[in-house]
Amino acid sequence: MVKWTELERSTVKAIWEKIDIDEVGPQIWARVLIVYPWTERYFGSFGDLFTITAILKNDKVAAHGKVVLKALDKAVNNMDNMKRTYADLSQLHFQKLEVDPDSFRLLADCITITIACKLKSALSPQSQAIWQKFLYAVVDAMSSQYR
Amino acid sequence: MTSLSAKDKNTVKAFWAKVAGKEEQIGCDAVSRMLTVYPQTKTYFSHWKDLSPGSAPVRKHGATVMAAVTDAVSKIDDLTGALLSLSELHAFTLRVDPANFKVLAHNLLVVLATVFPNDFTPEVHVAMDKFLAAVARALSEKYR
């Protein structure tokens, strides 16, 4: 189980409070598909993902971004219990969706960079360290049922 | 991984032109973040008096790295040639595990996002990510 200091808990919450899921979710998801285009393999039903413009305008991409960030909210509120919180989602991504767990790492990095655009220098090196520790704990929890 | 398209190269050059004048600040911040967020990277700098964010050796090293990246942008059509001696330095003298190039690249991208929140679009992001990966590949050439 990952251990969290008071500073780490408050930093994660402070960053999360500044994030508008409806605004940032679509941005994050578009970034993943544009920067790591092989992730499109999981989204055959999303329609036109052939150009950057198409991805940025795609409603299903935007909707999915919001879904993913809402799930991240669970982690913010269950930092001491991430593996259990994400057990079902992890199973789903493994058995049914067949997603390569490396994709979770790619998503984590896109989340960090999108947040960096939003918070700018308010995302200090120390905050970035704490935020990435948090995200990698989520990645770990999402990978936990892959066996 | 694929090599850089003409569009990638133009995107990188156009974006990097905005960096002019901010190299020291960006380099310093990138190295500071690398050392803070990935403490394992500190193992290469035990000879520095001060590894804290923004310290003099961190600032100096940030400037060194940025000068090399700026040079690489200007020689984007032949990164292997441009980075030959730096590759030898990293392979034989410094012996930095090449996995760390990706780590520094990530932190540089984070800094660029904070400094250019509106210009660091997904399009620029992917071009820069590909470019830094190509730089890392060229730097790894002489390793084995």
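In this predicted model, A:Leu56 touches A:Ala30, A:Ile34 and B:Pro122, leaving aside residues up to four places away in sequence. A:Leu56 therefore has contacts in both chain A and chain B, given that contact means heavy atoms within 4.5 Å. The residue lies in helix 3 of chain A, which spans residues 52-57. A:Leu56 and A:Pro26 are separated by 30 residues in sequence, and their C-alpha atoms are 8.2 Å apart.

**The interface of chain A and chain B**

Chain A gives 23 residues to the contact between the chains, and chain B gives 22 residues. About 1,800 Å² is buried between chain A and chain B, and carbon and sulfur atoms account for 68% of that area. How many salt bridges does the rule find across the interface of chain A and chain B? The count there is 0.

Helix 6 of chain A packs against helix 6 of chain B, with the axes 7 Å apart and at an angle of about 30 degrees. Because angles under 35 degrees count as roughly parallel, these two helices are roughly parallel to each other. The crossing of helix 6 of chain A with helix 6 of chain B is right-handed. On the chain A side, the residues are A:Asp109, A:Thr112, A:Ile113, A:Ala116 and A:Cys117; they meet B:His106, B:Leu109, B:Val110, B:Ala113 and B:Thr114 of chain B.

**Helix packing within each chain**

In chain A, helix 2 (residues 21-35) and helix 6 (residues 102-119) have axes that come within 9 Å and cross at roughly 130 degrees. This angle makes helix 2 of chain A oblique to helix 6 of chain A. Helix 2 of chain A contributes A:Glu23, A:Val24, A:Gln27, A:Ile28, A:Trp29, A:Arg31 and A:Val32, while helix 6 of chain A contributes A:Leu107, A:Cys110, A:Ile111, A:Ile113, A:Thr114, A:Cys117 and A:Lys118. These residues divide into 9 nonpolar, 2 polar and 3 charged. A:Ile113 and A:Cys117 take part in this contact and also in the contact with helix 6 of chain B.

In chain B, the axes of helix 6 (residues 99-115) and helix 7 (residues 122-140) come within 10 Å and cross at roughly 150 degrees. Helix 6 of chain B is therefore roughly antiparallel to helix 7 of chain B. From helix 6 of chain B, the residues B:Phe101, B:Ala105, B:Leu108, B:Leu109 and B:Leu112 meet B:His125, B:Met128, B:Asp129, B:Leu132, B:Ala136, B:Leu139 and B:Ser140 of helix 7 of chain B. The contact has 9 nonpolar, 2 polar and 1 charged residues. B:Leu109 belongs to this contact and also to the one with helix 6 of chain A.

| Helix | Partner | Crossing |
|---|---|---|
| Helix 2 of chain A | Helix 6 of chain A | Right-handed |
| Helix 6 of chain B | Helix 7 of chain B | Right-handed |
| Helix 6 of chain A | Helix 6 of chain B | Right-handed |

**Salt bridges**

Side chains of opposite charge can pair when their charged atoms come close. Over all chains, the rule counts 12 salt bridges. One salt bridge joins A:Arg9 and A:Asp80, whose closest N and O atoms are 3.0 Å apart. This pair links distant parts of the chain, its members being 71 residues apart. A:Arg9 is in helix 1 (residues 6-17) of chain A, and A:Asp80 is in the loop between helix 4 (59-76) and helix 5 (82-96) of chain A.

Methods: Residues numbered from 1 in each chain as written. Chains lettered and ligands numbered in written order. Predicted model: local features only at pLDDT ≥ 70, side-chain atom pairs only at ≥ 80, totals over all residues. Heavy atoms only, no water. Axes fitted to C-alpha atoms, helices over the stretch in contact; angles between N-to-C directions. Helix = DSSP H or I, 4+ residues; strand = E, 2+ residues; numbered from the N terminus. Parallel < 35°, antiparallel > 145°, perpendicular 65-115°, else oblique. Left-handed = near helix turned anticlockwise from the far one by under 90°. Nonpolar A, V, L, I, M, F, W, Y, C, P; charged D, E, K, R; others polar. Buried area = accessible area lost by both parts, 1.4 Å probe. Salt bridge = Lys/Arg side-chain N within 4 Å of Asp/Glu carboxyl O.
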